[in-house]
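Work through these exercises with the sequence and the model open. Try each task before reading its solution.

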Amino acid sequence: MDKNHLDCPYPGCFFCVMKEANPSKRRTSIMKFFKDLPSQDDEGQVLAISGLWNTAMAHPNDPEFIDLGIFECMSALILKGFKNRRWLSHDQNIYIPYYAAHIIGSYTMNMEEFAERAVQAGVITPLVELLRGRLTWVEQRVAVRALGHLATYDSTFPAVASHGEVLELSMELALSSLEIVYTHFYQFVDRRLSYHCDLLTRGMGGLEMESRKAEEWASQLQCWSLQLINCFAFKSEFLSVVCKPDFLVKLPGMWGGLVNENSPAGIGLLRTICHHKLGRPPVANCPSVIEALCNIARSSDDWQYMAVDCLLWLLQDSNTRHKVMDKAALALVDLAELSSLGDHKKLGDSIANVLLQDCALPQVSIRTMLTSHTKELLDELTSIRQRLKWEKNMPKEDLHIKQAASLVVKLEGNSLFSSGDIAGAASKYSEALALCPVKSKKERVVLYSNRAQCYLLLQDPLAAISDTTRALSLHNPVNRHAKSLWRRAQAYDMLGLAKESLLDAILFINECSQSTDPDLCLKQNKVPDYAERLVKKQMHAAWLFKEAALKHGGVHYDGKRGEAYVREGDDSEWETASESEMGNEEKEETNDDDSEWQNEDDRKIKYEKPPVFKVCQLEEDGHMVK
């Protein structure tokens, strides 16, 4: 044995064992270490466990420790923490259950074989106890993560499901996780458990870092709970439990937030539910869920396609189509010209085919049950498709004439807009759209976006959302037309839909920052004040802890731990986009380069009282100039 081994103060030290040069001795020593560790009360155990945690995170597919008993060891350590509170409170042992559950989750996230070994080692019982809340929310987070991995595999799901309370517990946790973290950690700054703070920040950072990481972990706690529920939702026998109305209506509001944007969260679970015929009727019976799906389908959410999938499946099901058609059609008609969305190719065609599948049926079909507005939208969609077919056989000269006529009418609309006749301008843009060839997508993007601006000023946010969504669907690339993103962000703000407004506003800023167009790019890499104001407003309104803070009060702090990090809680400084007034010139170009802003001031939106339109200087291709 080398000198380092002899100098170590801890007999059987894990780090010394790992330095053993003889493979056979090393293997035997590691196996003995895992077997003996739960029965020992030596100080410094947490050092070995944290080392194993690092190894599991770095090499989750390495089978060495799996074969030597690491799952049995971690399971026993968690159970020891339940039974022996004196041991748990001694030295730094309070960290051990967290690390142990995390290690189980890391080794089971990729390999089904490892998951099977974990189940055989008896890890589910201690994990379920952590899920119950036997310790704290920090341990609940890693327990639900591990159980979610075990439930992913067909071979180990039955073992998880055999604990009948797992599904109910995970549903309760998904609903209450944000409130739990807020009241048990975030709200009372001076009551935060020191080991929670250490785990959150790894000793790097103060109160602000703790608070930011707590928000991230709270989101993960909710999203990982939803992931576990999702595993149950794939099995038809559990859908009756998952599809409780009180739970379904909360799902659209569960999202990863900006701190956990890679998780589909609530919309992902809704997609799994809607994919099954038994899950669709309960969803169709929740109008608020359908409305939320429509909003997500017409947003910059990364999971937009999941909302579209849900709506299409509901419409394709004869048992739910009549219940959701009126609401779903309002959103999907605006997406009917999408070329693609992610991996979904020719998505617009699929949407149109589903929406119009009743057209060939007799009058006793669902069409007779629709509202007049929905019928108008479907007729408009039918007309666009017919025009596209006709235009394929039209001489190019005729198409050029139609496009020129559309341009003339558009300029008339610009003139009316400049003179303050906003309703008249909207009407002219509608007329121009009727004349414009369907395949002239760039021109139609401008017309829809122009008309959306009119609707904003006419205080009609729903119509503005419809037109901006159509412009974004037609644009190449999809969802990247900066002006339409900004206008839709304002429209969603007028409706009080903070998340949708926030995502559009952020994407608008991204588009400006990435643009090589000198008239569009951000000057001096500075975000425009009007965009920054809206983003800050919506970040506050969409804050993950907003509901919990309103219910339980703001952050409490008595000054003992230094400078506290406290979220702003007063909305008074923010004004809404429904009170906005367009400031200065906002030009729309008629060429293939679409639209340009001439300077930063041209893009500013002032948050003031509803506008009083004055006679404005006429701009040949632009909007009003104050």
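**Overview**

The protein chain has 32 helices and four strands; helices (H or I, at least four residues) and strands (E, at least two) are DSSP runs, numbered from the N terminus. This is a predicted model: local features need pLDDT of at least 70, side-chain atom pairs count only at pLDDT 80 or more, and totals for chains, interfaces and linings use all residues. Residues are numbered from 1 along each chain as its sequence is written, and side-chain values use heavy atoms, without hydrogens and water.

**Exercise 1.** Describe how helix H21 and helix H23 pack.

*Step 1.* Locate H21 at residues 304–316 and H23 at residues 347–355.

*Step 2.* Their axes (lines fitted to C-alpha atoms, over the stretch in contact, with angles from 0 to 180 degrees between N-to-C directions) come within 10 Å and cross at roughly 30°. That makes H21 roughly parallel to H23 (angles under 35 degrees count as roughly parallel, over 145 as roughly antiparallel, 65 to 115 as roughly perpendicular and the rest as oblique).

*Step 3.* List the contacts (heavy atoms within 4.5 Å). Val308, Leu312, Leu315 and Gln316 in H21 meet Leu347, Ile351, Val354 and Leu355 in H23.

**Exercise 2.** At what angle do helix H22 and helix H24 pack?

*Step 1.* Find H22 at residues 321–332 and H24 at residues 372–392.

*Step 2.* The angle is about 45°, and the axes are 10 Å apart. That makes H22 oblique to H24.

*Step 3.* Now the residues: Met325, Asp326, Ala329 and Leu330 in H22 meet His373, Thr374, Leu377 and Leu378 in H24.
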